[in-house]
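I opened my notebook to keep track of what I looked up in this structure. Come along and read the entries with the structure at hand.

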Amino acid sequence: MTILEDYRAKHPKSAALAERARQAIPGGITHDIRYLLPFGTYVARSLGSHKWDVDGHEYVDYWMGHGALFVGHCHPAVVRAVQEQVARVTHVGGSHELEIRWAELVNGLVPSAELTRFTMSGTEATHLAMRVARAYTGRSKVVKLSGHFHGWHDAVTVGVNPPYDMPISAGVPAGTLEHVVVCPPNDIKAVELAFDAGDVAAIILEPAGGQSGTTPTIPGYLHELRALTRKHGVVLIFDEVITGFRYAPGGAQQYFDVTPDLTTLAKIVAGGLPGGALTGQAAIMSMLAHRDDAEWDRTRRVAHAGTFNANPMSAAAGIATLELVSDPSRQAHAGKLGDALRQGLNDARRRASAPGEIYGEASIYHVSFDGRPGLAGPDRPKKGALYHLLRCALLNNGVDCSPNHGWISAVHTDEDIERTIDSYERAFRAMAAERVFDGT
Ligand SMILES: Cc1ncc(COP(=O)(O)O)c(C=O)c1O
């Protein structure tokens, strides 16, 4: 039986749901990264590091809610906090005490955080960060790095995947992109040239490297960037939507010991419910504050609305989660498993004669059939079909992860890691048997 025949045979209920979804939802999916050929699996329930699909299969999970569930699916403290809150008040359309506690926790954990404003997603957080930086500096351009992902709003659609000068989406006006300058990663000279050209409000980047560290940041680069941004009065924005609370309780900025001016957060910050945040230096964050001064409020202040900002449900889940992740032994445990998994997967890959490399840092791993990309990132699009097939082969063998990354949580176990290495070896062997690696 081929991988896809096996996949179809094992997942008849998911196949039926996928067909029904295609009649109701464009393409049948609600996030581009959930696209899987021939169809995705439908999840029925989850607990800790495992989840079960509608056909009754159990998986070790490395999606972990797109990385949001660092303390695992349905952690008892998070479940309790959410259950208590849902019966009390789900949404007030006004202020409530939990949002203060939530912000205090962020401010206590993240080195750059003095004041925090909540959003509903990481996309909103990066959008707001760019607006705040522009208002603060009175300049219009923002530098981003190629291969770095900051969500789906227009301004950050460029410089994400090769070819880097082409937005990842249709429907983005060229005018929006005139204010975005894309520089190669790990190239401080290119950034200096962009700053010298003038009118740069901010630089935004994923501190550990683009797309969750797919192209890792070279040692020293962040320190050089910190010095350069200070020299030019450019706002340094770390997008820690992935790395926040994961690399360390204080995120990648604590891990690499470089403090930015602004930080964007999402995923772990909201404990698996929808949410995000912009945090940073009080002077810059205060661009969002009313001053009881009609002139300031109307013409100079940064406007920010959002019906569900800091809603009590997300606040309750976020508080319970941040209290847990403030204990660094959780990040240390996940990082140790990360080292064991990367090593074990590379050994499995070699035994199965699959090409490429498994690499990564802290509690994230990347699978690349092309090997580790150079310092400037991949120079051509990924071999999409191979990663789809790998994912199906893994789902046939009890593991689920994003097409080419995995997020390890603080509740994964040594047994999970052993089982995952075994599943990958079976998946690689099944792919090699279909000769899909010939010519790679
Ligand atoms: C680094 C980074 N920034 C921003 C975002 C966008 O966050 P959201 O999906 O919550 O809009 C993501 C999402 O994966 C991300 O990885």
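**Entry 1: a pair on helix α3**

I began with arginine 88, which is exposed, with a relative accessible area of 57%. This is a predicted model, so I treat everything here as a reading of a prediction. Which residue does arginine 88 form a salt bridge with? I found glutamate 84, and the closest N and O atoms are 4.0 Å apart. Both residues lie in helix α3, 4 residues apart, which is about one turn of the helix. Glutamate 84 is partly exposed, at 44% relative accessible area. I also noted the general idea that side chains of opposite charge can pair when their charged atoms come close.

Next I looked at arginine 391, which forms a salt bridge with aspartate 400, with 3.0 Å between the closest N and O atoms. Here arginine 391 is buried, and so is aspartate 400. I then saw that a network of salt bridges links Lys51, Asp61, Arg391 and Asp400.

**Entry 2: the sheet**

I turned to an open sheet of 7 strands and wrote down the order: β4-β11-β10-β9-β7-β5-β6, with mixed pairing. Which strands stand at the edges? They are β4 (115-119) and β6 (180-183); each has a single partner strand, so one side of each is left without a neighbour in the sheet. Neighbouring strands are turned by 20° against each other on average, direction ignored.

For a look inside the sheet, I picked β9 (residues 235-239) and β10 (residues 262-266), which pair in the parallel sense over 3 bridges. Phenylalanine 238 has threonine 263, in β10, as its bridge partner. I also followed helix α5 (residues 122-137), which lies across β4, β5 (141-145), β7 (200-205), β9, β10 and β11 (276-280). Helix α5 runs at about 165° to β10.

**Entry 3: aromatic rings**

A search of the whole structure gave me 12 aromatic pairs. Among them, tyrosine 62 and tyrosine 365 are edge-to-face, 5.7 Å centre to centre with 75° between the planes.

Tyrosine 247 counts as buried at 6%, whereas phenylalanine 256 is partly exposed at 22%.

Back at tyrosine 62, I listed one aromatic cluster: Tyr62, Tyr365, Phe369, Tyr387, Tyr424, Phe428 and Phe437.

I also checked for arginines over rings. Arginine 45 lies over the face of tryptophan 52, 4.1 Å from the ring centre. Arginine 291 lies over the face of tryptophan 296, at 3.5 Å from the ring centre.

**Entry 4: backbone notes**

Which peptide bonds did I note as cis? One runs from leucine 37 to proline 38, with omega near 10°; proline 38 is in the loop between α2 (12-24) and β1 (43-47). Another runs from proline 162 to proline 163, with omega near -10°, and proline 163 lies in the loop between β5 and α6 (174-177).

Methionine 64 has a phi of about 45°, sits in the loop between β3 and α3, and is buried at 0% relative accessible area. Asparagine 186 has phi near 60°; this residue is in the loop between β6 and α7 (188-196) and counts as buried at 13%.

Conventions. Residues are numbered from 1 along each chain as its sequence is written. This is a predicted model: local features need pLDDT of at least 70, side-chain atom pairs count only at pLDDT 80 or more; totals for chains, interfaces and linings use all residues. Side-chain values use heavy atoms; hydrogens and water are left out. Two strands pair if DSSP finds at least two bridges between them. Helices (H or I, at least four residues) and strands (E, at least two) are DSSP runs, numbered from the N terminus. Axes are lines fitted to C-alpha atoms, for helices over the stretch in contact, and angles run from 0 to 180 degrees between N-to-C directions. Contact means heavy atoms within 4.5 Å. Rings of Phe, Tyr and Trp (its six-membered ring) pair if their centres lie within 6.5 Å; planes under 30 degrees apart count as stacked, over 60 as edge-to-face and the rest as tilted. Buried means under 20% relative accessible area, exposed over 50%, partly exposed in between (1.4 Å probe, protein chains only). A charge sits over a ring if NZ of Lys or CZ of Arg is within 6 Å of the ring centre and within 35 degrees of the ring normal. A salt bridge is a side-chain nitrogen of Lys or Arg within 4 Å of a carboxyl oxygen of Asp or Glu.
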